[in-house]
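Dear colleague,

Please find below the structure that I am handing over to you.

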Amino acid sequence: MGLSKSERRVAIWVGVGIGVAVSSMLVRVALQKKNEQMSNLPGNYDSLRTAVGGKPFPTVPAELRERFSNALVVHYEGNASEHPPYVKNWVIESAGSFRSERLFVLVEEESASEGNGTSEEEPVFRYFRASEAQVTLKSGVKADELKAVLDEERFQVIGTNSETGNPIVQFRDISPQGIRKAIAELKGFAGLVVSVSLSPFPSPPRQIPHTESR
């Protein structure tokens, strides 16, 4: 015996409901797999591998996760000193004010112990623009004179500091070793240069995960 009109209508709606439920479940599973794959890509915090070279790095400090929630670890250098203070270097890539803007930040993590510190003694973090240095020139020396001696394939004068008037020099190699080498090379122009320092980076505020009050 066939189904009545109302029974057929109920059967159709039941079928639709099951189809929607199955479809939603498949979408959730696909999104979960995609998120897992993305989190394992080199550079992502949970991958524990740098974006450049795929080198291992330890668990990212909460300080970095909260200030740079969507960043990538481009380079990492563990502590190289046998004596305190112990300094780890993180070079991360973060989004700027515009979607296409890429910011490279050097984060120095300094602690009194080789670990990540304790609740009584937290690490100190310092932030710099990983690809820029401010150069203080000797009295009477012009920025064009510095520009003339720089290797154009690795260095570029991109402007001046609005407060000090010092030239801002950008360099290509933003690995911790490359940054040190660039600073040393700029300081080597002793006839032109008084001092060289990395440009400070204004770190964004911490993004504390929201927890519902009970």
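**Overall fold**

The chain contains four helices and seven strands, where helices (H or I, at least four residues) and strands (E, at least two) are DSSP runs numbered from the N terminus. In sequence order the pattern reads α-α-β-β-β-β-α-β-β-α-β.

This is a predicted model, in which local features need pLDDT of at least 70 and side-chain atom pairs count only at pLDDT 80 or more, while totals for chains, interfaces and linings use all residues. Residues are numbered from 1 along each chain as its sequence is written, and side-chain values use heavy atoms, with hydrogens and water left out.

The chain has 214 residues, of which 32% count as buried; buried means under 20% relative accessible area, exposed over 50%, and partly exposed in between (1.4 Å probe, protein chains only). Its accessible surface is about 14,200 Å², with 54% belonging to carbon and sulfur atoms. These areas come from the Shrake-Rupley method with a 1.4 Å probe, and for residues only the protein chains shown count as cover. Among contacts (heavy atoms within 4.5 Å) with a separation of 6 or more, 50% are between residues 24 or more positions apart.

**Helix H4**

Helix H4 covers residues 176-187, and the 17 Å between its end C-alpha atoms agrees with the 16 Å that its 12 residues should span at 1.5 Å a residue. The expected span is 1.5 Å times one less than the number of residues. The buried residues of H4 are Pro-176, Gly-178, Ile-179, Ala-182, Ile-183 and Leu-186. They cover an arc of only 165 degrees around the axis, which places them on the same side of H4; the arc is that of the directions from the helix axis to the C-beta atoms.

**Aromatic pairs**

The structure holds four aromatic pairs. Rings of Phe, Tyr and Trp (its six-membered ring) pair if their centres lie within 6.5 Å; planes under 30 degrees apart count as stacked, over 60 as edge-to-face and the rest as tilted.

One of the pairs is Phe-57 and Trp-90, with ring centres 5.8 Å apart and planes at 70 degrees, so it is edge-to-face. Phe-57 lies in the loop between helix H1 (5-39) and helix H2 (62-67) and Trp-90 in strand E2 (residues 86-95), so the pair ties together parts that are 33 residues apart in sequence. Both Phe-57 and Trp-90 are buried.

The rings of Phe-68 and Phe-201 have centres 6.2 Å apart and planes at 35 degrees, so this pair is tilted. Phe-68 is in the loop between H2 and strand E1 (72-77) and Phe-201 in the segment after strand E7 (193-200), 133 residues apart.

Yours sincerely
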